[in-house]
Amino acid sequence: MDFRELDSAIDAIEVFVRDFEPGLLDARGAVRAVERFAKVTHLGQAGTALAVQQVDRTHAYRESGARCAADWLARKTGVASASAFRAMETADALSELPATNAAFRAGKLSEAQAHEIAGAARKDPTAEAELVAVAARGTTMKGLKDRCRQVRASAEVDDAAWAQRLRDNRSLRTWVDPDTAPCGMWRTTPDKGAEINAALDAETDLLFRAARAAGGREAREAYAADALHALITRGPRKATGATLVMDAGVADAGFASRGQRCEIPGIGPIPVTIAKQMLATAKIRELPADPALLPDYATDRRYYPPWMLAWLDQHYPVCGVEGCDADFHLEIDHVVPKSEGGLTAIPNLWLICWYHHRLKTNEDWLVTGTTHNWDLVPPNGGPDPP
Ligand SMILES: [Zn+2]
């Protein structure tokens with residue numbers, strides 16, 4: 001094997017980066033530079049993942065006193081050992097996953113994306129090509145993880161075993177970091193997690209709004225930490241509960257077939273075994289997915305009946321703008337603005353995040369697409385493609 005071509009490519013990149021003056025780039029040039037460097041990063045990660053397998057097979061890592069190849073990789077590349085273990089797992093999975101392997105080798109996937117896809121595609125190899133396409137389309141990491149969770153869920157053959165696994169693996173750990181900040185991490189069953197999230201969200205909202213009203217400008221996460229403390233020391237100020245979305249027939253069948261929903265909004269698909277246990281306490285939404293089956297309701301006022309809010313929440317778990325995965329403080333937007341005669345009616349409404357709502361309202365961004373397949377685009381079609 002000859003490294004000469006690779007070495008001269010690396011030399012060229014080295015010279016380029018050494019003399020790189022980003023201040024001389026215009027906006028489009030800066031975007032292009034980031035895209036190219038991302039590709040270099042991806043290719044480097046792919047090459048590393050492939051090569052380290054051979055380091056493992058030949059036991060070359062032993063020479064430096066490392067315990068295993070992942071340990072060696074962590075030292076060699078300066079990453080945390082958890083990342084090195086993940087890279088080893090990805091590398092192991094690649095030989096069985098041709099589409100992921102090809103896209104990874106072509107610099108189209110990051111190691112994190114390849115790892116996420118490999119985990120889901122091992123459970124359901126028929127979903128592999130679609131997941132690679134989802135990632136290559138530039139979907140956010142969160143969007144890809146959501147899709148991978150759906151794939152894994154519909155590939156679960158034993159619903160009760162999945163529920164039991166979730167229960168067996170619950171844990172909560174606390175520790176103190178080097179700055180003397182107490183930290184924690186938990187892992188729990190989806191029903192309990194949904195209740196925790198609902199209580200935490202409600203308390204965070206109260207604190208966030210009060211702080212904003214008083215001129216506070218800290219991040220939502222900071223108020224969430226205060227909310228956790230308030231909930232534990234004082235208890236909830238507001239009754240909350242988990243919301244379950246389950247299609248008709250799923251509970252009786254005992255499993256959700258592909259395309260059927262048994263999920264908790266904000267968490268994802270869950271075992272039907274757990275959903276059945278939740279039926280006694282959770283709020284169950286069974287609104288039709290098809291907006292044509294909803295009550296006919298239109299007004300020029302700004303009144304939203306509860307079923308309308310519930311339908312919008314269910315239909316837009318995240319911001320409706322393609323590629324945006326903001327999932328809190330979503331705002332109702334009239335596609336045709338009220339000032340231009342747009343009505344408060346399901347066909348004219350969608351949920352978008354605060355940021356995208358401002359772009360539409362104040363910066364003249366335009367809604368395109370068809371009803372409930374809308375997207376938001378810059379005025380005049382935006383910058384020319386590179
Ligand atoms: Zn958004």
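The model is predicted, so local features need pLDDT of at least 70 and side-chain atom pairs count only at pLDDT 80 or more, while totals for chains, interfaces and linings use all residues. Residues are numbered from 1 along each chain as its sequence is written, and side-chain values use heavy atoms, with hydrogens and water left out.

Let's start with the metal. Which residues coordinate the zinc ion? Cys319 (SG), Cys324 (SG), Cys353 (SG) and His356 (ND1) do, at 2.0 to 2.4 Å. Donors here are N, O and S atoms within 2.8 Å of the metal (3.2 Å for Na, K and Ca); water is not among the atoms, so sites may look incomplete. The donor residues follow the spacing C-x4-C-x28-C-x2-H. Cys324, in the loop between helix H14 (306–315) and strand E7 (331–334), and His356, in helix H15 (residues 354–362), lie 32 residues apart and link distant parts of the chain. Helices (H or I, at least four residues) and strands (E, at least two) are DSSP runs, numbered from the N terminus.

Cys324 is buried at 18% relative accessible area, and His356 is buried at 12%. Buried means under 20%, exposed over 50%, and partly exposed in between (1.4 Å probe, protein chains only).

Now the backbone. Most residues other than glycine have a negative phi. Thr180, however, has a positive phi of about 65 degrees, and His372 one of about 60 degrees. Thr180 is exposed at 61%, in the loop between strands E1 (171–176) and E2 (182–187). His372 is buried at 11%, in the loop between strands E9 (366–370) and E10 (373–377).
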